[in-house]
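The sequence and coordinates come first.

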Amino acid sequence: KKQYQTSNSSITVPDQNMFACRKSLSTLAFSQAKNLAAPRLLQTTLRAFSTPSYIVTATGPDRSGIVADITKAVLENEGSIAESKMMKMGNDFCMMLRVSNIQTPKTDSFKSMVSSVSGMKVTVYPATEVSETFVPQFQANFKLEGADNPGLVYAVTNYLAKFGIWVDDIHTETASAPFGGTQLFVMTGKATSDQPVDAAALRAGFRELENELNVDLSLSSSLRR
């Protein structure tokens, strides 16, 4: 830890947060010179390092105002939406959010407000802490197109898992094929590994899987060694 002195105050900062806090201290010194409310700015910056994040999931029949109702609970409890995904699936609306900066005294209020949104089934739980030392050694985008047959998602994701690769993001949809009226299945996704991956072997296996499933399967990857 290191201590920094300004014209009329001092703060102690953990070493791992030095870079972000140096920026805040520069802003603090400038703001004090301009007679602005700099301590509040610094407090807002520093609290992000100490408050947990929460994962919020909400599903229910689609209607007007769902997003506004959920995000109102975040706003009124002084939280921030760090990440989110929202989509309509059939006649239901689904939301996933990672909410940060909810201070401990407001945690119960936030959970109560978000859980009481009309017509929605809501879950709130602490987010898994992310390792600051994680460096991806392999990243890839993949895409599958073909006739809509059972087991396509399993076949691709199970193959990736054998290489120690996990899926970061995946999206699937169905549509009518241009000719013949066949139902076309499309899957796109992103994958990551914290270990180097043999790209040549992975692509060779993808070609075999493509023939086995009778689909078009593509993979674009980048490696770090």
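Q: In which element of the chain is confidence lowest, and in which is it highest?
A: The model is predicted, and the mean pLDDT of its chain is 82. Of the residues, 74% reach 70 or more. By element, the lowest mean is 44, in H2, and the highest is 97, in E3.

Q: Over which residues does pLDDT stay under 50, and how many contacts beyond four places in sequence does the model have for them?
A: One such stretch is residues 1-13, with 30 contacts beyond four places in sequence. Another stretch under 50 covers residues 15-49. For residues 15-49 the model has 35 such contacts.

Q: Where is Ser 53 found, and is Ser 53 buried or exposed?
A: Ser 53 lies in the loop that runs between helix H2 (38-47) and strand E3 (54-61). The cut-off for buried is under 20% relative accessible area.

Q: Which residue is joined to Ser 53 by a polar contact between side chains, and what is the distance?
A: Leaving aside neighbours within four places in sequence, Ser 53 is in contact with Arg 98, Val 99, Ser 100, Tyr 125, Pro 126 and Ala 127. The side-chain polar contact is made with Arg 98, at 3.3 Å.

Q: Is Phe 185 buried or exposed, and what is its relative accessible area?
A: Phe 185 is part of strand E9, which spans residues 183-193. Beyond four places in sequence, its contacts include Leu 144, Gly 146, Leu 152, Val 153 and Thr 172. Phe 185 is buried, with a relative accessible area of 9%.

Q: Are H5 and H6 roughly parallel or roughly antiparallel to each other?
A: Two packed helices are described by the angle between their axes and the distance between the axes. For helix H5 (residues 152-162) and helix H6 (residues 199-213), the angle is about 160° and the axes are 11 Å apart. Angles over 145 degrees count as roughly antiparallel. H5 and H6 are therefore roughly antiparallel.

Q: Which residues of H5 and H6 make the contact, and what is the handedness of the crossing?
A: H5 passes H6 in a right-handed crossing. From H5, the contact is made by Leu 152, Ala 155, Val 156, Tyr 159 and Leu 160. From H6, the contact residues are Ala 201, Leu 202, Gly 205, Phe 206, Leu 209 and Leu 213.

Conventions:
Residues numbered from 1 in each chain as written. Predicted model: local features only at pLDDT ≥ 70, side-chain atom pairs only at ≥ 80, totals over all residues. Heavy atoms only, no water. Helix = DSSP H or I, 4+ residues; strand = E, 2+ residues; numbered from the N terminus. Polar contact = N/O pair within 3.5 Å; in protein donor to acceptor, adjacent residues only side chain to side chain. Contact = heavy atoms within 4.5 Å. Buried < 20%, exposed > 50% of the residue type's maximum accessible area, 1.4 Å probe, protein only. pLDDT = per-residue confidence, 0-100. Axes fitted to C-alpha atoms, helices over the stretch in contact; angles between N-to-C directions. Parallel < 35°, antiparallel > 145°, perpendicular 65-115°, else oblique. Left-handed = near helix turned anticlockwise from the far one by under 90°.
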